[in-house]
Amino acid sequence: MKPTLARQLDTQARRLMPAATTLALVLLAAMPSHLPGLARIMPLLALIGVYHWTAHRPDLMPARVVFAIGLFQDIVGGGPLGLYAAVFLLVHGGIVSQARFFVGKGFIVLWFGFALMSAAAATAAWVVTALFNAALVDSRALFYQYLLTLGMFPVLSRLFLRWHPSLVAGS
Amino acid sequence: METPRIITRFAQPMRGLLHRFAYLGLIAAAFGLMMLGKVDTLLMDRARVHVVDAVAPLLDALSRPAAAIENAIVKGREIARIHEENATLRAEVEKLRQWESAARHLESENESLKTLLKWAPPPEAAFVTARVIADTGGTFVHSMIVGAGAQDGVKKGLVVMTGDGLAGRIAAVGNHSSRLLLLTDLNSRIPAIVERTRTRAILAGDNTDRPRLIHLSDGGAVTAGDRIVTSGHGGVFPPGLPIGIVTSVAESGVLVQPFVEQARLEFVRVVDFGLEGILEGSPPPRIEPASRRRAARKEAAKPDEGTGR
């Protein structure tokens, strides 16, 4: 039986959700917090979205979507265009190539994987920025940002996991 | 219906290969964009402001609850301290009254001296007040997005201030949003002077909360506690805008604490002082025709060839 139009639209909307939520995270991270010092070390929320959805539903977070999200992060953040596009793609590629390690593993393993991946991402971003500006950037803020991002991972990841059943129902 | 086995046997590796090519292509595109951005900043800025313009209403809506919560907290704190604050304010009013009379006296004196000297006043400054709608100051870039753009009269290079002092300048302008490059950003360079000694220097951001004074004109005639103001050289910032206070003088550099608390920025004033200074990205002034410039370059290259041999 051919699904009705409403049903098709519903399915499409569900399939778009991983990308849409990750794009929303980019905007959320740019919100002025008015807390002294927080803006400098604001966690890289979009990376959590990219990692989570690539690990759980790689079909809904393909490389071109990751590229678009990274580009959006660059545009909103004001950094060199392409920096986070490349960094997010590296994380995406890392998970896809190590799928055997990630698929079907418990939360702690995924968190550990995220710790490694985001450390690599932060290092890559730092190196590229240093090359791009031909200047060494202070790495302390980056370190605290890394820690905060790591701390935010369980919160967001748990939130996303709640949506998984509805995603499965849609596809 | 089942797909013939021969097709799946070839299709699977082919698909993998295609995926890998697409992935590498996207990575190459990301690096290509970075290179392009390095070469042609103007093109990238233009593309960027359009996207930011499109999401500006969203950012604006998102920034409001945060501002409301902040206001509520600040109000609560103020009520708790109201008595104590009243006493200190009374004392301050007393002190300021004396300053006011001194200022009035100096103002009238200044006025009369100006008429004596036929002093040409600088052009009147116009300003737009704008809300900060996104604080994108991450670890690599210190910038913010403000909710006013070209249609409100904001132009690239305008000075951004608060009541406390200089915050930065406008780096890119969209239709109804623009990007504010904070003075702590790695790419911010502001001609400044030490107010007490009139020592010239450049205030250079380095992505930390305290920018440094570099190129001090007479080797470190500066001490902690000195006020730093803009010098007006280069014609982007008018002279005398307060920037910050020197916090430490060491071998590694002179650090300045800006007066403006960047995390608390909510409303900023975008000021047009009518200055047409040298800005990055603006075309260099053409002084001589290209043919003559080429000839001059050839002349200059000659001695180099001589030493090369």
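Here are some questions and answers on a predicted model with chains A and B.

Residues are numbered from 1 along each chain as its sequence is written, while chains are lettered from A and ligands numbered from 1 in the order in which they are written. Local features need pLDDT of at least 70 and side-chain atom pairs count only at pLDDT 80 or more, whereas totals for chains, interfaces and linings use all residues.

User: How many helices and strands does chain B have?

Analyst: Helices (H or I, at least four residues) and strands (E, at least two) are DSSP runs, numbered from the N terminus. Counted that way, chain B comes out at four helices and 12 strands.

User: In what order do the six strands of the chain B barrel close?

Analyst: Strands pair here if DSSP finds at least two bridges between them. The pairing in this barrel is antiparallel, and the order in chain B is E6-E7-E8-E11-E10-E9. As for how the neighbouring strands of this sheet are turned against each other, direction ignored, the average is 45 degrees.

User: Which residue is the bridge partner of Ala204(B) in E8(B)?

Analyst: E7 (residues 200-204) and E8 (residues 212-214) of chain B pair in the antiparallel sense over three bridges. In E8(B), the partner of Ala204(B) is Arg212(B).

User: Is Glu124(B) buried or exposed?

Analyst: Glu124(B) sits in the loop between helix H3 (82-117) and E1 of chain B. A residue is buried if 20 or more other C-beta atoms (placed from the backbone) lie within 10 Å of its own, exposed if 12 or fewer, and partly exposed in between. Glu124(B) has 8 other C-beta atoms within 10 Å, so it is exposed.

User: What share of the residues of chain B count as buried?

Analyst: The chain has 309 residues in total. By the C-beta count, the buried share of chain B is 30%.

User: Which element gives the most to the side of chain B that touches chain A?

Analyst: Contact means that the C-beta atoms of two residues, placed from the backbone, lie within 7 Å. The contact takes 40 residues from chain B and 40 residues from chain A. On the chain B side, the elements giving two or more residues are helix H1 (5-39), helix H2 (41-80) and strand E1 (126-135). With 12 residues, the one that gives the most is H2(B).

User: Why is H4(A) roughly antiparallel to H6(A)?

Analyst: Axes are lines fitted to C-alpha atoms, for helices over the stretch in contact, and angles run from 0 to 180 degrees between N-to-C directions. Under 35 degrees counts as roughly parallel, over 145 as roughly antiparallel, 65 to 115 as roughly perpendicular and the rest as oblique. H4 (residues 83-97) and H6 (residues 107-133) of chain A have axes 10 Å apart and pack at about 150 degrees. That makes the pair roughly antiparallel.

User: At what angle do the axes of H1(A) and H2(A) cross?

Analyst: Helix H1 (residues 5-29) and helix H2 (residues 45-56) of chain A have axes that come within 7 Å. Among the residues that meet are Pro18(A) in H1(A) and Trp53(A) in H2(A). The axes cross at roughly 165 degrees.
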